[in-house]
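Me: Please take a close look at one part of this model for me. I would like a connected account with the cut-offs spelled out.

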Amino acid sequence: MRMPSVKYQKGDKVMGRWPGSSLYYEVKVLGFDITSQLYTVIYKDGTELELKEQDIKNFAGFQTRSRSRSRSPGRRRSRSRSPARTTRRSSSRTAAAVAAAAGTDSSLSSSQDTRLKDALEQTMPAENNSNNKHEKKEENNTANKVNEVEAESEKNLGRYNLRRRKDDGGAKPAAVVAEQQEKEAVKEAAPPASTLSTPLDFGGKIGAYFWLLFLPSWVLFLVLQVNLEDPSLFNFPPPLPPLEAFWDVQALGFVILWILFQALLYVLPVGKLSEGMPLRSGERLKYRTNGFFAIVVSAVAVAVAVHQGVDLTYIHSHFLQLAVASLLVSVLLSVYLYVRSHNAAPEQQALGGNSGNVVYDFFKGRELNPRIKDFDLKFFCEMRPGLIGWCLINFALALAEMKLHGLDAPSYSMILVNVFQLLYVVDGLWNEEAILTTMDLMHDGFGFMLAFGDLVWVPFTYTLQAYYLVSHPNSLSPLAVATIVTLKLIGFYIFRKSNSEKNAFRRDPSDPKLSYLKTIPTATGKSLLVSGWWGVVRHPNYLGDLIMALAWSLPCGFSHLLPWYYMIYFIILLVHRDSRDMSDCRRKYGSAWDEYCRTVRYRIIPRVY
Ligand code: NDP
């Protein structure tokens, strides 16, 4: 089908500029979007991008120009930046170092070359020397030949030699230089926001309207429902309290005080300054990871307050008002974030939150890392007021249970729910650095979706099990307690091990402790783990999380669906999140991702899903 009045047609073979560079590669046109005036093209390695017309050149004319340019000395440097070359760099750090030692990358000084050669002569496996031959072969060829060599190397890449990483040689100097090159590759391959946009998630523009209305209403519905004596779905809709019952200025004051208290703990110069993942600009932001300190100080403060006679059961009796106050704070924060995002530099804008539609972008978040000086708003909201608030609320609900039933101690069910969820939060804060390699921190902009999620959804829906137990006690036999604890520990083990493995690998791919893991190289310069936990399923961390979610719901018994709400919601969330991540990774890593999916067939549950 021909596209109306556009220069390039679907199926045309043209030369497309690689974003962020002045280099052109052969691409096939897949389509043209009249509204955005962008062409969707596919590179030979399977990467799909959207390009402007000015970033596309006619194939025939380009070949003639390339041929004449290939004689110029500058070509050698240019070649070293191609996506295909980038892949070879990442496919083997030693191969990357060979290219450098062979002098194909003029950015390395001659002294670095010599040091590299020395290191490599001792450690280079024969396999990697074949890549070196490619490099030399390339230098003697014309632009046409270069295309053939690229095609050949892509064929080789197609095999994705899944060798153990310790066979790479592993000499420190080579690894260090290659690491540097990987970082450069990330920087070079990273497209500027102005040239790229990603497909819309969450039902697109219409979906954004829906979620903006549905999510707050749903939280209010759950909070009203859990207050009922019989919180059954058949009691729908729950009786609505008078309007004034939704609002309490004092509750708003407590919410603001809590956020300010957490902000104060966050800015204290205590704890490590951790580096985030490289941004599109190549920059790495620093984050104060003192979450564990924050929860310990918060626990001491709460203990002192209770000792001084502060009645925390206020949280139980004013749950609805506290939820509404937090909702108001999250809406105001989202408006602020949306307004300030207009001053953000293009490379600071999230690729997924800049569709041009106000409602969608408000919902999804435009700015990737909004900061007030060094105060990172997204990181703070993700890790502090909501997460620590969740534990505070659970504790208050345990006190409310004791008060309501005249108990000296909370029930076993309440203790299990409290301890399990406390462990989850403490673990998250203890390993706070690991959040820097998650989707929320790396890819999602900070808008209503995350602000509401962090400040309202987490503290007021993740506490529903404890809330439910206050007025719906459920006794457990010792066997039931032992079974539930075992389940929780299994889930926690899988969750922690898999998250730590990926985090350690992303932070330092040359870490000798991870050398037993097999990897797949990708065109961006990063590799994908294909053994260890990430070789069992594509999201082992989700599997662990789901097993834990099951252990959180079981103490509440089977009388109502409401305490199982978290489990049901979490399955939906993680299945959707997995498919969102799959599309993002498919877009980022092209054929390497397909290869990963062929090797690791199941997404979350081995042999099931
Ligand atoms: P992940 O931590 O799984 O991050 C996904 C990213 O990991 C991908 O985008 C990719 O990023 C990288 N990746 C994927 N596959 C591989 C591989 N084979 N090798 C190396 N890197 C790979 O996802 P989330 O951020 O969704 O989850 C983080 C944790 O938070 C999980 O344990 C999840 O269960 C939990 N979670 C909990 C929630 C809750 O409400 N309780 C909500 C959401 C998440 P790149 O390649 O760019 O590095």
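Reply: Happy to. This is a predicted model, in which local features need pLDDT of at least 70 and side-chain atom pairs count only at pLDDT 80 or more, while totals for chains, interfaces and linings use all residues. Residues are numbered from 1 along each chain as its sequence is written, and side-chain values use heavy atoms, with hydrogens and water left out.

Let's start at the ligand. The ligand is surrounded by 28 residues, of which Y462, Y542, D545, R577 and Y589 are the closest; a residue is near a molecule if one of its heavy atoms lies within 4 Å of it. By type, the shell divides into 16 nonpolar, 5 polar and 7 charged residues. Here Ala, Val, Leu, Ile, Met, Phe, Trp, Tyr, Cys and Pro count as nonpolar, Asp, Glu, Lys and Arg as charged, and the others, Gly among them, as polar.

A ligand nitrogen is 3.0 Å from an N or O atom in the side chain of Y424, and for the side chain of Y596 the distance to a ligand nitrogen is 3.2 Å.

Two or more shell residues come from each of α18 (439–442), α21 (478–507), β11 (527–529), α22 (540–553), α23 (565–589) and α24 (591–599). Of these, α23 gives the most, with 8 residues. Helices (H or I, at least four residues) and strands (E, at least two) are DSSP runs numbered from the N terminus. At the level of domains, whose bounds come from an automatic or database assignment, domain 2 (246–475) and domain 3 (476–609) each supply at least three shell residues.

Now the core. The largest nonpolar core has 111 residues, and F379, W390, F446, F452, W457, F460 and F570 touch the most other members. Its largest share, 11 residues, belongs to helix α13 (residues 319–340), and at least three of its residues come from each of domain 2 and domain 3. Such a core is a set of buried Ala, Val, Leu, Ile, Met, Phe, Trp, Tyr and Cys residues joined through side-chain atoms within 4.5 Å. Buried means under 20% relative accessible area, exposed over 50%, and partly exposed in between, with a 1.4 Å probe and protein chains only.

Q321 lies in helix α13, and at 13% relative accessibility Q321 counts as buried; its side chain reaches the backbone oxygen of A245 at 3.3 Å. N369, in the loop between α14 (358–364) and β8, is buried at 4% relative accessibility, and a polar contact of 3.4 Å joins its side chain to that of Y287. A polar contact is a pair of N or O atoms within 3.5 Å; within protein, one must be able to donate a hydrogen and the other to accept it, and residues adjacent in sequence count only if both atoms are side-chain atoms.

Finally, helix α20 (residues 464–471) is mostly covered, with 7 of its 8 residues buried.
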